[in-house]
Amino acid sequence: PLPTSPWAPPTAMSFHGRRLGPTPWKEAPPRPHEISVFVEGYRHGVPCKLQVHVRLSSTILKLREQVAAQLRVPVQLQLLSLLEARLVPWEVDEYGRRGRDRTCADYGLDDGCVLCNTDFSELLPRRKATGGSTPRGVYPFCRIDREELRGITVSQIQHVSHFLEQNCQSWRDELLDGFNHQFMTVTQVAEWVLKPATWDHCCSMAEFMSSNPTAQWPKWFVSHWWGQHFPGVQTCLEKHSACRRLPRTTPYWLCAFARNLNQSSAGESGKAIGFGAIRKALRQCDGVLLALESFGAALTRTWCLYELALALDLGSELGDKHRQALPLDLSCCCDLPHPRLQVERQAKRHSVFELENNPRQLARLSLWTRGISEGSDGTKGAETLCPPNPLLAESLQRAQDEFESVQRTTEMLLNASADIPNTVNAVITDGLSRSEEDTASNHGNSAGWRLKEEREANFPLEMLQPFFGDRLDIARSDAFDEDSRQRVLTFLSRRPLEEGQGMLVGDQSLDMHSRRIRSALAVVCWSAAAHHYSSRRGADSGGAPKALPEALVRAIASDSWRRVLRLCLGGGGPCALRLPEVARSLPANLSDFELMVHGGAARDSAASADAGEQRRQASVAFQTLAAALPQGLQRLRLDLQEADNIGEGGFRVLAKVLTQRLPGLRTLELRLPRSHADDESLQELAQSLPPGLELLELDLSKARPATMV
């Protein structure tokens, strides 16, 4: 605990693990033309305070050197702040070039002001015991030249979160006397930790916190909103790592940790970021993780949609002919308060309008001075409060811009987030996780997919449902920096920047990217949605399974650029209900289609009293699916292992489709072990096989021996 006297030092202080005795406090009077500045902070978890005498003309670097000499904190690893102003030692342009040194007068320091000191040496990587000592001025972090190789592990993210919890209480912003680490956004963490810690070293945070370059090569690309709460991003990574059974040393690529933030003063994305860095990082990773909060704001941000658009184009480039895009996983964290409350709180914290209209709050800020407004006739008006220097005015303008950005996003999302649960942590994976794959290999595919459905049952699909439609539109997306937004949109639309933003709304290229992103989200959520609307929570009042949302079906069907489609129906309702929905969702230009039905579809229908009627409905549904197959298919795989209601009528329709609509088919895989097909229908199917067929796999019956090959 702090001593009773406000400026008395602790009874004992700890420096470099040594316990020191009581230090006498001597307030030396300042010399002429000097001011007394009080500095408080923590050193190895112990609170400490000191008094420093400086001149107003002294540089901030000189002030940091005096603090470093008394607190034994390295000059390059400390941050001095006065309320919401961070004392930057020198000016830096948008290209990261160092300008003139800033002085104490630039920040309006006066006699008796209190500065907060933050020690970033706790974020350095742990040094191994080598028997020697590290030379002075040499730090154990490494240099990673290529930005796409700067990953960050979950344990390092947790280390930053612990550092925030210890130090954020002493930081200030426009309205709060201290941050709460649970509500700090990624932007605030970047401004208070990531940028100040790497000022003097001109590196990224991934380099600052690592000692082995090869150990930081990323495996997963994380797409998130910079206005998202940092603990929420951390929870998304922890849940995803546990779901995929990844080691704690698995690096993730996060833009805030991979970039050198001191090379640009822009807000959300920065003017210095290159389009090639994101593409190269995606090429380096095995998949994409989309981190979401309770109202899905990431799907309204320009840079998040740009990252998803690039990920959809890299599957074919990486040599996987059966995958058009990188694997996409969704992780949602809704541990925070209701989205309406948290967005209103965030908007209030950044509202300069409320600050300017609250003189009591302005009087609390020592950086503001009182002035007398003067009328046009020379008479004195009312007393007002005004900022003394342009640095504070720039900070307030930046806060105003951020508030307007948050307000625009809030207007779109608040009405759609009223029914979203507040305590949900769930992950939707593209395919089976490692543990589910082990279960599928040992106990059958149905067991693995059943585990996947149970794991994804708590995912708030109501949050994503509006984004299957027109709400996800990259042309109307938002970004903190309007200039970077225009650069992204013109890059995706392949138009010159000089044509202006009016040409971007309704652009065909941007509409194509929006449709492809909606389709990717719908495909990833298909299995979870089918299980949700067939379970008790999503069924109707009578307990019957409900149809899938029409927006989900249309999102896949409207993607005319999709070539590969894989869908799975694991206990997602009877085949008579789900197969027509699959038929309506097939894009016209599909060349590779794979459908798997496992688990509850057959059992639900077989338990019915009218088995004959169920068999007839399932056979009609299969005929509907066969008739809807696109003409350009080259690979068809139907794995209906537990659908025991497919009769001879379905095989006749499939044979007719193969003859008339699928002449270019190269691969055909049919797994219908419980179907009811006679020899005549199988003979008709055999005669209708395309002449160019290269691979044929048939698994048609387990109840009787095959009578025809």
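Trainee: Which residues does A197 touch, not counting residues up to four places away in sequence?

Mentor: Contact means heavy atoms within 4.5 Å. By that criterion, A197 touches Q76, F120, M205 and F208. The C-alpha atoms of A197 and F208 are 8.1 Å apart, at a sequence separation of eleven residues. This is a predicted model, in which local features need pLDDT of at least 70 and side-chain atom pairs count only at pLDDT 80 or more, while totals for chains, interfaces and linings use all residues. Residues are numbered from 1 along each chain as its sequence is written, and side-chain values use heavy atoms, with hydrogens and water left out.

Trainee: Is A197 buried or exposed?

Mentor: Buried means under 20% relative accessible area, exposed over 50%, and partly exposed in between (1.4 Å probe, protein chains only). A197 has a relative accessible area of 0%, so A197 is buried. A197 belongs to helix α3 (residues 186-197); helices (H or I, at least four residues) and strands (E, at least two) are DSSP runs, numbered from the N terminus.

Trainee: Which strands does β21 pair with?

Mentor: Two strands pair if DSSP finds at least two bridges between them. Strand β20 (residues 635-639) pairs with β21 in the parallel sense over five bridges, and E669 in β21 is the bridge partner of R637. β21 also pairs in the parallel sense with strand β22 (residues 695-699), over five bridges, where T667 stands opposite L695.

Trainee: How many residues of β21 are buried?

Mentor: Four of the five residues in β21 (residues 667-671) are buried, and the strand is mostly covered.
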